[in-house]
Amino acid sequence: MNTEAHSAQNGAHNRDDKDQEFDQSVLDGYITEDNVIAPEIVDALRSNDQSARLEAAAKLHRLVDKRETASIQPIINSGILQDIVSMISLDEGELQVHLNAVLVTITTGSSQQVSLAVETGAIPKFILLASSSTCGEARGDAIVGLGNIGGTSRLLGDTLVGAGGLKPLLDILNSPSQHEDDDVYSAAVAIKSFTRRVGWSTTGNYMVEDVLPTLVRYISDSANETPGSLEISLSALDNIMRSRTLLSTILDTNIIPRLVQLCTSPSSSILQHALLCVGRVLETSDEGTGQLIHAGVLEVFRSCILSGEARDRGSACFAISNIVATTLECSEALIEAGLVPIVVKVASDLEEKPKTRHYAVWTLLGLSRNWGHYHHEILETLMEANSLEVFFMTLKLKEATMVGASLGGIVDFVGTEWEGKESAIQRSKAVGGVATLRAVKLRPEPWLAAERLLAHKILKVHLQVFSLPPRV
């Protein structure tokens, strides 16, 4: 069971104090050496004595609660899975809670074990309880069970959709005010399980026609910006955005302004998930990038970078590094928003996280490499913000990608024919660039061969100082 589903299930369970104090050594007697459930429990479950059945069901419930997946195969080996499924109904409240919890645990097992539960009739039972049970614990477990099945494999997910197993989940998110908060959260987790399958599905029609509109509506209308269902729904939307085809559909839903708004949420987790969705758009869609900029995302990034939250700065710098790879118009908007000096500050901050500095350097390189060659005003803006000095500073880092990016940025300044070229050469020398480049030439790492040769070229050709070719 994934962590969120497990949390959702546990959130629905209100265990008695006696369960919390239960001697777990007793559970050893519930499973025999042959890895089957003890015969007395099996016989009691199949008896006509209602109290005996209830006691046996409670023991199985306690077993799966304490031993979780280790108890699945013994239950299957005992041949009682069909009995468990057939006994689940709306009539016997306490019995349905115990047996439904056991069945849900089966759906956390291997694909083969989950398939067996489905073949035995688990899906109709989960649909029944998720839609109609008045018991919150049984209802919540059934919702989790549907999500577990949907997230196991493409085949099982499609089977569940064909059986109508997606409908109870969508109904809850489509009318959250009419349902318990725990059920809304469990439904969001279950739907997220389906969205993990986006990359597997060959059709995905239900994803476009049913899941996506429900998620967009819930995210757009949700007024509760505390961690929980909204956070999970954003994560599900991020999963769907991995499909370029579905991303174009998402852009038509007018969700972009809401995502930008959520990037300012007081909840750090919601903010992070919104930033992930925004980053997904920036990675794959020029059209979506334009929509984000129009919705004010650049001001959001400014706030994130200037905040005291290292994680927010990292996410914002990653997103900005994708913007400079889209269009000239988007890059110019980034510059006009005054983000270049802020990014330079991040890149030059020795206390900043390496990955965040990496994104900042790649943003500066993207501006100089993608657009500076033909739009010299961009090189001018970068040099005014001391980007050239930053490139020499980050040459001293260990990572090969950072060294290569920094050398590329330096070449853009001193190798491009533009009005600031001579000034760039002089500033390179003034900042100690000659010594720094020679140090790169002497680095022994075998994977820096190309970087050593480029440092030699910058010295000899562009800075026109004496330089021997690097050792092979």
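At 26% relative accessibility, Asp158 is partly exposed (buried is under 20% relative accessible area, exposed over 50%, partly exposed in between; 1.4 Å probe, protein chains only). The model is predicted: local features need pLDDT of at least 70, side-chain atom pairs count only at pLDDT 80 or more, and totals for chains, interfaces and linings use all residues. Residues are numbered from 1 along each chain as its sequence is written, and side-chain values use heavy atoms, leaving out hydrogens and water.

**View 1. Arg154 and Asp158 form a salt bridge.** The closest N and O atoms are 3.5 Å apart. A salt bridge here is a side-chain nitrogen of Lys or Arg within 4 Å of a carboxyl oxygen of Asp or Glu. Both residues lie in helix α11 (residues 154-162), four residues apart, about one turn of the helix. Helices are DSSP runs of H or I, at least four residues, and strands are runs of E, at least two, numbered from the N terminus. Arg154 is partly exposed, at 34% relative accessibility.

**View 2. Asp412 pairs with Arg369 in a salt bridge.** Their closest N and O atoms are 2.9 Å apart. The pair links distant parts of the chain, 43 residues apart: Asp412 sits in helix α27 (residues 400-415), Arg369 in helix α24 (residues 354-372). Asp412 is buried, with a relative accessible area of 1%. Arg369 is partly exposed at 37%.

**View 3. Glu417 forms a salt bridge with Lys421.** The closest N and O atoms are 2.8 Å apart. Glu417 is exposed, at 59% relative accessible area. The whole structure has 14 salt bridges.
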